[in-house]
Amino acid sequence: MVKEEQIEAIVREVLRRIDREDIKLNEDKHQLGVFDKMEDAIEAAKDAFEKFSNMTLEDRERFISEIRKATLENARVLAEMGVKETGMGKVEHKVLKHQLVAKKTPGTEDLKTQAWSGDKGLTLVEMAPFGVIGAITPSTNPSETIICNSIGMIAAGNAVVFSPHPGAKRVSNFAVDMINRAIIRAGGPENLVVSIKEPSINTTNAMIKHPDVKLLVATGGPEIVKIVLSSGKKAIGAGAGNPPVVVDETADIKKAAKDIIDGCTFDNNLPCIAEKEVIAVEKIYRDLLDEILKQGVYKLNALQISKLENLVLMDGKLNKKLVGKDAKVILDQIGINVSDDIRCIICETDEDHPFVMEELMMPILPIVKAKNIDDAIRIAVKAEKNNRHTAHIHSKNIDNITRYAKAINTTILVKNAPSYAGIGFGGEGFTTFTIAGPTGEGLTSAQTFTRMRRCVLADGLRII
Ligand code: NAD
């Protein structure tokens, strides 16, 4: 028999959902979870966390599944908005990135309980939530990171307050609103995911210092990683990369050339894992270059390289206006007109050239000649700059791959594939847009956002 109170509760819930349904996804209308003040956003997330704490794993999974659905439905809108607002990247690739996040970010299945059973009873270690997490997100993958972090953090039982990049606040807050609506549709609390209308360095700092924020997760460049690591709180830092790709004489050169240009030009080189410089051994250098030249690229001469250097690294500082721009747009600024199908700019340089040593995040790919595999490994290690982020190799020689892997010591190493295989796109494994090299969590997922709690029952519940 269903009790009267239960019927009333069901009716209330149905009315609540009908009421919410007519608030259409619209960035000009009131956005759910988006606050004027950081303090209010954190307070709301704290309230939501308390409600969420009484819910089940099944509830979490239902909210996540609705977020996945909303992300797939809105993948193009988010991609178009992201490109329009930031002026960076490619719509088609951003659509794929959102689809990847929706399909391959782990949910609650990622949480594992450990158990010890013996003469003295049963001990469990459970992955518990932190509470309210403060997450700082980049301009390069803005909504992708917000959705990816939200799925993982909610799966782990947390609420999250975002401090999005000011240059990507519209698309970031659109994603926050979309996530809130999805959670509410699935019967969850409001404000499990919050953000603020006008994010800035000040609001980020206020979030970092707030006593109710128990864990910090920063996805961005070295500056913000350093800031969260100096906060006195538990912090996860996902910082900059400068991934080299080594090609040796055993590689399938045709495939290597295609994979390298496909990876390097994906979303105009914005992903932190994308190929940023090629180091090819002398024996196949010419063959590789010939194959690369068949991939829709434009190769610069020495004078043009120097012109481009002055444009891209003005007084040694990265010209941010060119980050994530099309090759054609960048070339146009040094007086070179090319057709729309040119997707990458190729430069033959020496190993110390700034294009090799700086993380440009543009479809500009320097190629360096190495004497042999040892020399190539040495150059790649120098270019990776101990970021411990990502590296790539095209080789069929297991000894070479192993030596490279040991020397480069990165969080991700992709062999014989485009870089994006490293985050589960055309490669096995789950995806993430927060790769924590500096603090060692690696590719983050729900379990990264948990704290371990031990529960001991002495002299009982061992059933054998
Ligand atoms: P960014 O460092 O400019 O910004 C990242 C975030 O940090 C933004 O929200 C920004 O507002 C905040 N921030 C930056 N400086 C700050 C300061 N002084 N005080 C307070 N907040 C500050 O990065 P971006 O240009 O948006 O993103 C590109 C960088 O992020 C690249 O270096 C890229 O390699 C890196 N990245 C790393 C990962 C990863 O998973 N490791 C993922 C994406 C991007």
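1. Basis. The model is predicted, and local features need pLDDT of at least 70, side-chain atom pairs count only at pLDDT 80 or more, and totals for chains, interfaces and linings use all residues. Residues are numbered from 1 along each chain as its sequence is written, and side-chain values use heavy atoms, with hydrogens and water left out.

2. Annotation. The unreviewed UniProt entry carries "domain: Aldehyde dehydrogenase" over residues 37-294 and 345-427; such positions are given in the numbering used here, feature names are shortened, and annotations may be inferred rather than shown by experiment. Residues 37-294 are 51% helix and 19% strand, with the end C-alpha atoms 52 Å apart. For residues 345-427 the content is 33% helix and 24% strand, and the end C-alpha atoms lie 26 Å apart. Helices (H or I, at least four residues) and strands (E, at least two) are DSSP runs, numbered from the N terminus.

3. Domain assignment. The protein chain is divided into domain 1 (31-239 + 443-453) and domain 2 (244-428), with bounds from an automatic or database domain assignment. Taken over C-alpha atoms, the centres of domain 1 and domain 2 are 31 Å apart.

4. Interface. Contact (heavy atoms within 4.5 Å) links 14 residues of domain 1 with 19 residues of domain 2. The two domains bury about 1300 Å² between them, of which 61% is on carbon and sulfur atoms; buried area is the accessible area (1.4 Å probe) that two parts lose on being put together, summed over both. Three salt bridges are counted between domain 1 and domain 2, each being a side-chain nitrogen of Lys or Arg within 4 Å of a carboxyl oxygen of Asp or Glu. Lys90 forms a salt bridge with Asp326, with 3.3 Å between the closest N and O atoms.

5. Three-stranded sheet. An open sheet with antiparallel pairing has the order S2-S3-S20, where two strands pair if DSSP finds at least two bridges between them. Its edge strands, S2 (114-118) and S20 (450-458), each pair on one side only. From one strand to the next, the twist averages 15°. S2 and S3 (residues 121-129) are joined by five bridges and by a hairpin through two residues. Within this pair, Gly118 has Gly121 as its bridge partner, and Gln114 stands opposite Val125.

6. Seven-stranded sheet. A parallel open sheet has the order S11-S14-S15-S10-S9-S16-S17. Strands S11 (297-299) and S17 (412-415) each have a single partner strand, so one side of each is left without a neighbour in the sheet. The twist averages 25° from one strand to the next. Four bridges connect S9 (residues 244-247) and S10 (residues 277-281), which run parallel; Val246 in this pairing stands opposite Ile279 of S10.

7. Helix H11 (residues 302-312) lies across S11, S14 (344-348) and S15 (364-370), at about 115° to S14. Axes are lines fitted to C-alpha atoms, for helices over the stretch in contact, and angles run from 0 to 180 degrees between N-to-C directions.
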